[in-house]
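Keep the picture open as you read.

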Amino acid sequence: MNKTQDKINIVNTIIQAAADYKTYMVGRSFLYVFEGRYIEVIYRARDFLHLTGVDTNLSANEFYKEAIRGTLRHTQIFFSKRHTYDLCVRKMLHLAHITAVTNSSIFLLEDLVTNTFQYKFGLSELNFTVCLDADKDSNQMIVSDHYIVRSLRVEDSFDRSSGAFEVQYIFVKPNDVRLYPTISYTDHRINITDLPEEV
């Protein structure tokens, strides 16, 4: 296969993953309950680019819109020392399954440290980890209680964290609704009466 065809295949995977990301993740808040604690996560359109492992001259919002419309082209992505082709190929294997962190058995990793950044949390389904950090503005001031997507790691992240916890429940709601009406995942070994009081 030639490099052009490789990039076309990557773009096709990105387009499909963007469609799933939009359908199942964007516009919703997810509440992850673990060990008597919980965090709230939102998956924003502009954070999708962080998951792909590609470089582009498009803004994060433009990249997402092009992917959603199915008009993202292979000429609009490239690779660099920071975003290598090999790493991107590995990410593509897992990007197609990104919705697993919203509706299946996963682990929550705390204080996840990589070579370039420290993330407050990670959501891992063993083969990949979605790295999360506080929702901050351009001045690094926290603007909400939610955590947002910062990266997709395709390595064993358990030994890079200070603690790993099984997620017991995942609740989901539209962003414009106050309460969580839907449970998208339940660890059936846990009794719902054991939920933290505030949940």
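## Helix H3 and its buried face

In helix H3 (residues 60–69), the buried residues are Phe63, Tyr64, Glu66 and Ala67. Buried here means under 20% relative accessible area, with a 1.4 Å probe and protein chains only. Look down the axis of H3 and these residues fall within an arc of 165 degrees, so they line one face of the helix. That arc is taken from the directions from the helix axis to the C-beta atoms.

What do the buried residues of H3 pack against? They pack against helix H1 (3–24) and helix H2 (48–52), with contact meaning heavy atoms within 4.5 Å. After H3 comes glycine 70, whose phi is positive, near 80 degrees.

## About the model

This is a predicted model: local features need pLDDT of at least 70, side-chain atom pairs count only at pLDDT 80 or more, and totals for chains, interfaces and linings use all residues. Residues are numbered from 1 along each chain as its sequence is written, and side-chain values use heavy atoms, leaving out hydrogens and water.

## The sheet

Now for the strands (DSSP runs of E, at least two residues; helices are H or I runs, at least four). An open sheet with mixed pairing is formed by 9 strands, in the order S7-S3-S4-S5-S6-S2-S1-S8-S9. Two strands pair if DSSP finds at least two bridges between them. Strand S7 (163–166) and strand S9 (182–186) stand at the edges with a single partner strand each, so one side of each has no neighbour in the sheet.

Strand S3 (residues 107–113) and strand S4 (residues 118–124) run antiparallel, joined by 6 bridges. Leucine 109 has glycine 122 in S4 as its bridge partner.

Notes. Buried means under 20% relative accessible area, exposed over 50%, partly exposed in between (1.4 Å probe, protein chains only).
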